[in-house]
Amino acid sequence: MTTIEKTADDAVREGAGDDGSPLLEVRDLHVEFHTRDGVAKAVNGVNYSVRAGETLAVLGESGSGKSVTAQAIMGILDMPPGKIPQGQILFRGEDMLTMAGEERRKIRGRKIAMIFQDALSALNPVLSVGYQLGEMFRVHQGLSKKEAKVKAIELMDRVRIPAAKERVSDYPHQFSGGMRQRIMIAMAMALEPDLIIADEPTTALDVTVQAQVMDLLAELQREYHMGLILITHDLGVVADVADKIAVMYAGRIVETAPVHELYKRPAHPYTRGLLESIPRLDRKGQELYAIKGLPPNLLKIPTGCAFNPRCPRAEDICRTDVPALVPVTEQDGTELPGRGSACHFWKETLHG
Amino acid sequence: MADTEKNEQAMEPAADATPNVTEVETVEAATEDEAVAALEAKVDRGEPILQVRNLVKHFPLTQGILFKRQIGAVKAVDGISFDLYQGETLGIVGESGCGKSTVAKLLMTLETATAGEVFYKGQDITRLSGRALRAVRRNIQMVFQDPYTSLNPRMTVGDIIGEPFEIHPEVAPKGDRRRKVQELLDVVGLNPEYINRYPHQFSGGQRQRIGIARGLALNPEIIICDEPVSALDVSVQAQVINLMEGLQDEFNLSYIFIAHDLSIVRHISDRVGVMYLGKMAEIGSDTEIYDHPTHPYTQALLSAVPVPDPESREGRTRIILTGDVPSPANPPSGCRFRTRCWKAEDKCAKEVPLLAIPERFAGTDSPAAHESACHFAEEKDVVHA
């Protein structure tokens with residue numbers, strides 16, 4: 001029945017088994033979409049990396065390019081209209097963008113798997129879940145239908161779907177939202193990949209079910225020592241599971257930081273604005289802090305820093321020069337490992 | 001609230017009246033004119049404006065094509081009672097499928113209730129018709145969840161916001177409407193010159209402002225907001241919440257704020273009701289519910305909410321419920337939460353717990369003394385633990 005548990009110590013998750021080199025590294029990735037109205041620059045030079053056993057949270061609003069980056073990594077971007085004019089996606093040192101299709105197919109699903117947001121539209125409604133789960137084994141490992149079904153039942157047990165044996169030939173609509181998301185997780189876990197990309201895995205779920213699913217995901221990650229890229233806009237979920245965070249705005253990473261640092265001392269006005277707009281107990285009855293204005297149109301991203309029309313700190317330089325993602329230091333110059341900010345005034349934002 | 005009374009009602013689960021809600025002062029109106037006049041009356045701040053008593057909505061499940069037989073019912077709302085006071089915000093939280101949106105539709109008289117009453121200024125609106133019903137509908141307006149589908153793409157903003165005036169011409173005479181619509185646009189923070197634009201020319205946050213302007217058009221007294229910000233981006237949510245709070249002060253509105261985001265509900269609400277499977281599990285002021293919850297479901301719900309503070313993740317006690325919400329077509333006997341509850345005992349399967357102040361807290365002035373529908377109500381601080 002219901003369990004009451006303490007959240008596990010993070011120390012177990014970090015560190016252990018690192019050979020130093022990142023599992024996946026995205027370097028200066030650009031993605032654009034050619035539309036009738038012009039070129040929409042969805043991703044404009046994104047850099048990030050994930051190690052085995054590490055959780056990277058990519059935080060951003062809709063249109064910030066967080067999902068497009070993930071689709072580019074998986075190689076499921078619609079091309080055309082999508083185009084990757086420059087950049088590298090290195091998986092264990094090999095560039096996936098220059099790879100042959102056949103080679104890439106070997107990585108996809110087997111080494112890197114993805115969990116999608118809306119399980120009902122990600123699953124095929126006319127095939128039983130057992131068949132869809134078994135497909136991974138039939139295609140990648142050449143198992144027979146019978147063997148694949150046995151494996152599918154094992155997987156469903158693994159993600160704690162009750163009565164897996166009876167439910168293996170049920171169809172997606174016969175499952176509840178939380179159960180469907182478990183099936184998505186099972187499908188991603190099937191071949192025990194090294195890296196999982198979870199694109200808003202719990203956004204469509206209720207909070208009590210969200211807690212179950214996130215717990216399951218964290219447990220499986222610990223067990224198989226996988227890297228996890230968690231794409232979300234929920235600052236609460238991020239705080240609960242992430243090791244490090246990359247905040248995206250208008251196709252760029254505007255801030256990177258280890259999770260504790262980011263919440264304590266944001267170094268970019270956008271991050272600060274997001275954190276301050278969370279309703280807090282001591283502010284009840286007062287106005288919420290709100291970032292003014294709207295996220296930019298990707299067809300015409302403002303010149304200079306894309307955030308400048310909404311930024312309380314913007315000055316002339318912000319309207320002309322694009323700020324680079326620079327390492328952030330303490331006031332006395334000591335390095336803060338893993339931290340970076342793409343703001344001309346990060347010093348003032350962090351220390352001021 | 002005597003014990004005997006409670007037991008009597010417990011034996012009879014069909015009519016589980018909540019014993020602790022106040023008596024409704026009904027208005028007897030013989031003619032339609034009297035009824036309309038009574039609806040125009042002002043209600044003082046802090047007085048109940050809307051009183052819901054044992055509201056029930058069952059959606060029939062039928063079988064057969066030619067001769068339909070009813071084989072059951074989805075018990076979407078199954079006996080709910082609460083008061084809404086003038087000028088306050090009542091938050092209603094719960095998981096999907098708990099009936100919160102059905103409550104909104106019932107209050108709007110968009111659905112007919114299976115049983116129970118909704119008193120607006122002392123008149124049961126479930127029985128009104130004609131002019132009196134129109135007068136009620138003028139005063140209770142709604143803001144919908146999805147700003148993308150709740151605005152007609154073929155109508156201009158001016159037509160959308162002005163449409164309520166077509167049905168209620170007494171509010172704004174024809175020649176005056178354009179000016180009125182522009183005023184409303186200004187009130188919700190949009191440029192009045194946008195009056196001839198179409199919804200697709202606006203972002204999600206701006207569209208929700210249009211939806212709010214439409215809700216305000218007839219100067220209502222109550223606005224029912226069904227998940228008004230859940231479809232919006234994080235940085236835009238705060239803007240819309242601030243707007244709604246500002247409008248409440250300016251126009252003296254009462255809100256029923258339905259949402260699943262517990263932190264936003266806490267921010268905006270004066271009182272909060274927690275629903276589970278068609279019933280109210282717990283209701284009280286925001287501090288009573290958030291800091292002193294006594295119903296196990298509320299405790300689980302609050303503890304499951306991810307806290308945007310990484311410092312709290314180590315050592316935070318989380319109650320993780322197993323399983324999903326049972327089907328409202330076949331709810332568990334007795335307490336509906338018992339199938340997922342860690343405190344459940346035999347009594348919970350037999351007796352429906354009443355929404356009342358738990359005996360152990362009754363008469364004390366502790367903040368745990370608020371209405372909670374649990375046989376084993378117990379205070380447990382989950383947010384700060």
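**Helix packing, an open sheet and the chain contact**

Helix α7(B) passes α8(B) in a right-handed crossing, that is, the near helix is turned clockwise from the far one by less than a right angle. This is a predicted model, in which local features need pLDDT of at least 70 and side-chain atom pairs count only at pLDDT 80 or more, while totals for chains, interfaces and linings use all residues. Residues are numbered from 1 along each chain as its sequence is written, with chains lettered from A and ligands numbered from 1 in the order in which they are written.

The axes of α7 (residues 204-216) and α8 (residues 234-251) of chain B lie 10 Å apart at an angle of about 20°; axes are lines fitted to C-alpha atoms over the stretch in contact, and angles run from 0 to 180 degrees between N-to-C directions. The two helices, α7(B) and α8(B), are therefore roughly parallel (under 35 degrees). Helices here are DSSP runs of H or I with at least four residues, and strands are runs of E with at least two, numbered from the N terminus.

In chain A, 4 strands form an open antiparallel sheet in the order β3-β2-β5-β6, where pairing requires at least two DSSP bridges. The edge strands, β3 (38-50) and β6 (94-95) of chain A, each pair on one side only. Strands β2 and β5 of chain A are joined by 7 bridges, and H30(A) has Q86(A) as its bridge partner in β5(A).

Turning to the chain contact, 44 residues come from chain A and 39 residues from chain B, contact meaning that C-beta atoms placed from the backbone lie within 7 Å. Helix α8(A) gives the largest share of chain A's side, 7 residues.

Notes
Two residues are in contact if their C-beta atoms, placed from the backbone, lie within 7 Å. Angles under 35 degrees count as roughly parallel, over 145 as roughly antiparallel, 65 to 115 as roughly perpendicular and the rest as oblique.
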